Amino acid sequence: MKTFLFVVVTLLALTGFMACDMFGDEESECGPLYQLNTTMYYHEGNGIADSNYWGLEAGDTVKFEFLTFDWVTEEGLCSKEHINAFYTITLKADSADMLKGLNMKGHIIVGLMDYPVMITKTNSTTYEGTGASIGLAGWGPYDDSGIGYIWGKLLLRFKSLGSKEADKDALFHALQKVQLDIDYYKPKSQ
């Protein structure tokens with residue numbers, strides 16, 4: 001009986017694995033799997049963090065926005081398969097506690113569609129978020145061409161220190177890196 005169950009489980013696993021494997025599939029509308037690594041912000045030298053300052057929101061919360069440079073994938077990606085997006089935000093250990101009430105939310109923008117990516121704290125200096133199985137085919141032009149383009153956005157909020165300059169300075173000293181990594185299929189023609 002154990003051998004029979006083992007054979008059934010093995011066959012089911014292989015069938016499922018082969019059904020999802022796009023690489024080398026002549027019937028596939030997509031090309032090979034690819035990983036894109038995009039640094040949205042990296043702390044270098046002296047200066048202020050390159051972001052859009054949105055000012056105070058409700059009460060004493062300040063909001064900053066980080067964007068990818070134009071479209072993340074200049075060559076396009078196959079809109080016939082879903083993508084996975086991974087945000088990683090790293091703070092400096094010596095100044096991470098300057099940003100009181102810190103919370104973040106990532107976004108993946110596909111055409112006119114906005115997919116939110118929840119960001120959670122994984123340790124004292126790292127926050128991560130995963131946007132799993134994001135579809136590209138829901139927007140007309142991407143359906144027609146089979147090629148999609150996306151961009152990423154990260155909204156970062158914390159309790160204001162009392163002035164725009166103090167808030168920017170605190171963010172600059174605390175924030176080390178904002179990273180967006182994307183697993184996707186290239187269009188078959190590429």
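**Figure 1. The disulfide between C30 and C78 is left-handed.** The torsion about the S-S bond of C30 and C78 is about -70 degrees, hence the left-handed assignment. This is a predicted model, in which local features need pLDDT of at least 70 and side-chain atom pairs count only at pLDDT 80 or more, while totals for chains, interfaces and linings use all residues. Residues are numbered from 1 along each chain as its sequence is written, and side-chain values use heavy atoms, with hydrogens and water left out. The sulfur atoms of C30 and C78 are 2.0 Å apart; a disulfide is a pair of cysteine sulfur atoms within 2.5 Å, and by this rule the count comes to one. The pair links distant parts of the chain, with C30 in strand β1 and C78 in strand β4 (residues 77-78), 48 residues apart. Helices (H or I, at least four residues) and strands (E, at least two) are DSSP runs, numbered from the N terminus. Both C30 and C78 are buried; buried means under 20% relative accessible area, exposed over 50%, and partly exposed in between (1.4 Å probe, protein chains only).

**Figure 2. Five strands form an open antiparallel sheet.** The strand order is β1-β12-β5-β9-β8. At the edges stand β1 (30-42) and β8 (120-121), each with a single partner strand, so one side of each has no neighbour in the sheet. Two strands count as paired if DSSP finds at least two bridges between them. β1 is joined to β12 (residues 175-187) by ten bridges, and Y42 has K177 in β12 as its bridge partner. Helix α3 (residues 164-174) packs on the sheet and touches β1, β5 (83-91) and β12, where contact means heavy atoms within 4.5 Å. The direction of α3 makes about 65 degrees with that of β12; axes are lines fitted to C-alpha atoms, for helices over the stretch in contact, and angles run from 0 to 180 degrees between N-to-C directions.

**Figure 3. Strand β9 pairs with β5 and with β8.** Seven antiparallel bridges join β5 to β9 (residues 126-134), and the partner of I89 in β9 is Y127. Two bridges join β8 to β9, with T120 standing opposite E128. A hairpin connects β8 to β9 through four residues. Also in β9 is S133, which has a positive phi of about 55 degrees although it is not a glycine. Most residues other than glycine have a negative phi. S133 counts as partly exposed, at 44% relative accessibility.

**Figure 4. Aromatic pairs involve Y34 with Y184 and Y41 with F66.** The structure holds three aromatic pairs. Rings of Phe, Tyr and Trp (its six-membered ring) pair if their centres lie within 6.5 Å; planes under 30 degrees apart count as stacked, over 60 as edge-to-face and the rest as tilted. Y34 and Y184 are edge-to-face, 5.4 Å centre to centre with 70 degrees between the planes. Y34 lies in β1 and Y184 in β12, 150 residues apart. Y34 is partly exposed at 35% relative accessibility, whereas Y184 is buried at 0%. Y41 and F66 form a tilted pair, 5.8 Å centre to centre with 55 degrees between the planes. Y41 is in β1 and F66 in β3, so this pair ties together parts 25 residues apart in sequence. Y41 and F66 are both buried.

**Figure 5. The largest nonpolar core has 37 residues.** A nonpolar core is a set of buried Ala, Val, Leu, Ile, Met, Phe, Trp, Tyr and Cys residues joined through side-chain atoms within 4.5 Å. The residues with the most contacts inside this core are F66, I83, Y87, I89, I108 and L154. Elements giving two or more residues to the core include β3 (61-67), β6 (103-110) and β11 (150-159).
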